[in-house]
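Hi,

Here is the structure I promised to pass on. Have a look at it first, and my notes follow below.

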Amino acid sequence: MSRGLRFAPIALLALLLLAMIWRLSKPVDTSVRSNLEGKPVPAFDLGPALDTKLALSSRDLATGNPHLVNVFASWCVPCVTEVKVLQQLKATGVAVEGIAVRDRPEDLAEFLARNGDPYERIGGDPQSSVQISLGSSGVPESFIVDGKGVIRYQHIGPIESSDAAMILRQLDRAR
Amino acid sequence: MIAETGLASLWLAAGLAAYQLVLMILALRSRVEVARSIRAVAVAQGILTLIAFAALLIVFARTDLSVTLVAANSHSAKPFVYKVAGAWGNHEGSMLMWVTILAVAGAFLGTFSPRTSAMTLVAALGAQAALALGFYGFLLIASNPFARLNPAPIEGQGLNPLLQDPGLAFHPPTLYLGYVGLSIAFSLAVGALLTGEVDSRLGRAMRPWVLGAWVLLTLGITAGSYWAYYELGWGGYWFWDPVENASLMPWLAGTALLHSVNVLAARGALKAWTMMLAVIAFSMSMVGTFLVRSGILTSVHAFAIDPQRGAFLLALLGIYVGAALVLFAWRGANLKEGAPFELVSRETGLVINNLLLSVVLGVVFLGTLYPLLVEAVSGEKLSVGAPYFNAVAGPLALLLAVLVGIGPLIAWRRERRPVFKQLRIPLLLGVTALAVTVILAPRMGILPRLGLTAAAYLAAAAILPLTRRNPLRTPLATWGMVVAHFGIAVALAGMAANAAFTSERLVVAKPGETISVGPWLVQLQEVTPTAGKNWTGMEAQLIATRGHGPITLKPQTRYFTSPPAETNEAAIDTFWNGQLYTVTGKPDETGAWQLRLWWKPFVTLIWLGGALIGLGGAIALFGRIWRRRRREPEWRRGYA
């Protein structure tokens, strides 16, 4: 057996160990980057989720100003705490839009009456079709859409009060 | 007191391992006669680890919540069998099981190894002790399973519900026995490289250990595959998950080793290659353990993500594999290759078998670690999935299946007869199967079609070594080979049939609705609440008919409270020609339920084939040991 061949396994092992040491020294990043970031919002036209609210379509988003689109539902428990943070964001001038997934008007009305209503418009998405076209796999999720109707950021899970500053920064970048 | 007994036994065993290593060094350096004492030490070490493991089982059986590990992983309201099996359903417990098997394997090596030369045995026991010592250190320093918790909590946190299944009682121990059983081949190879006694005698000594470990690994993987199939509710038997690959890699290396060790034993050839494979096979076991235990690759098996433990295991991996490879580079090159062989010979066939298995191993290894390497170099994240593995490993496996039919027909050293004449019937069967699938299922994928073809050919070709022989005078090892090779054909047929003929329906159904899947009509009757000892759930009642008598299936969704989690319990009904597999999901607001239904023709052949492969290995192992006993009375003297 030639000399080179003899030492090849050792070299391979060293390479492997280096890669693994690198991985161990660097914590695994589990955040998910959306593939839709940088792409226009898929066209949709939802009816109003409630008689008292305006309907939501993709045209309502391309108005020159960034919007925060919140995919939520009255039956979703984390949404209850999230809606309070959304109200604080609205108080600072953020345009918050809602997409209510698989919801009933009476439940939604009760949810908004009890927890507050930060939404300018709420589109009803009874079959989750818009939710799916947005690449959202659950509720709540939020999208920052810039004035041209392009998705700039996707937030998976509830927006906690600790996320508010980051969301405002993302909205500024989308301006 | 019991936990302390376990801990003390572990410390004592670690001390004995160190002593065992010192004895080996003394023996190699100054030719001190230590053979008897080193064997006794190995046995004592094995017994001490058994005591430690028994102590762990007892604290888990009693749910002694003053032990941290029990409090973190058990719960008093858990069925008894899962309390006991829960002992290894966690990091520390499973590492203790690993060490116990390592030490007990060493004790077995010290007790039953009549074939090995005294010096090689001493060196191998030293190597085994060195392995054990590192893992004792890991347990005692970084993962003490017996650590106490003060004050003891009132209730434990419970076991992951996915693990609360009979599979847990069988799959991890079998797999670990296989993984760690390969350590004996590793130690024997290291020992023989140290003493320079790499010969057919070593091959014959190593063969039963390799066979035994390989049988357990085969059964462990087969059981794990079935467990994932029914427990996860995804309807798949293999996901090319990193941890599944981690068990497949030692199996592939072990399969190659199993065949090359035969060449070494029978002909004294392929010396360096066999030693290399013995090192690689157990190294793959350690890589697998490291991948699982460090959580560096994303996987459904990611139990405990702890970089420090990962670093410790990585250091052990580097030291052991590195030392063995350096030893191989230093000593392996001096090995004189044994008896020469002609181009057309059994030896050549086994070399090709080994090369193909090694390429498959390389493919799986690369695919498993490629995401890690790419991210280290370019920072880009990607994952490698079934499309890569199926496309690359699939054709290689088919080629291997074709050669499996030919290899056993070729004679050792030199084949003068035309072998292909014997293969007429198998080839005819294969062509028939191909023609039938082309006519009856013209749109089938290319891999499943070739899979069915190869399976039909191999099922006949595998039996050929038995023809024109007196079945009673045929050695059991040959019977074992035939059964195992036939098992490959069976498993291949199951995989191809599953890939080609599965029907799947995903629907939202209201009670009373009927859904068709394959030849079946399935009606959702009702969904009712149900409960078990530590869970509540919803149970759907399905009535399935296929022309004749209806059958009832009751898939469940279970909600566990400690820890809070939800599992889907699939309801599966098995028939001679397939399985009806049903899973329930969530209700929607209108009172309809998600239902997932599969009709999987002949899917059970996959695990039947796996079991046959394992059974074949077991028959061969029994044959080897029994023949040795009958022929060589010194086997009994080897007991001392």
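A definition first: axes are lines fitted to C-alpha atoms, for helices over the stretch in contact, and angles run from 0 to 180 degrees between N-to-C directions. Helices (H or I, at least four residues) and strands (E, at least two) are DSSP runs, numbered from the N terminus.

Some housekeeping: this is a predicted model, where local features need pLDDT of at least 70 and side-chain atom pairs count only at pLDDT 80 or more, while totals for chains, interfaces and linings use all residues. Residues are numbered from 1 along each chain as its sequence is written, and chains are lettered from A and ligands numbered from 1 in the order in which they are written.

In chain B, the axes of α13 (residues 386-406) and α15 (residues 446-461) come within 9 Å and cross at roughly 20°. That makes α13(B) roughly parallel to α15(B) (the label for angles under 35 degrees).

Chain A has an open sheet of five strands, ordered β5-β4-β3-β6-β7, with mixed pairing (two strands pair if DSSP finds at least two bridges between them). β5 (122-125) and β7 (151-156) of chain A are at the edges with a single partner strand each, so one side of each has no neighbour in the sheet. From one strand to the next, the twist averages 20°. β3 (residues 67-72) and β4 (residues 95-101) of chain A run parallel and are joined by six bridges; A:Val71 has A:Ile99 in β4(A) as its bridge partner.

As for the two chains, 15 residues of chain A are in contact with 20 residues of chain B (C-beta atoms, placed from the backbone, within 7 Å).

Cheers

Note on methods: Parallel < 35°, antiparallel > 145°, perpendicular 65-115°, else oblique.
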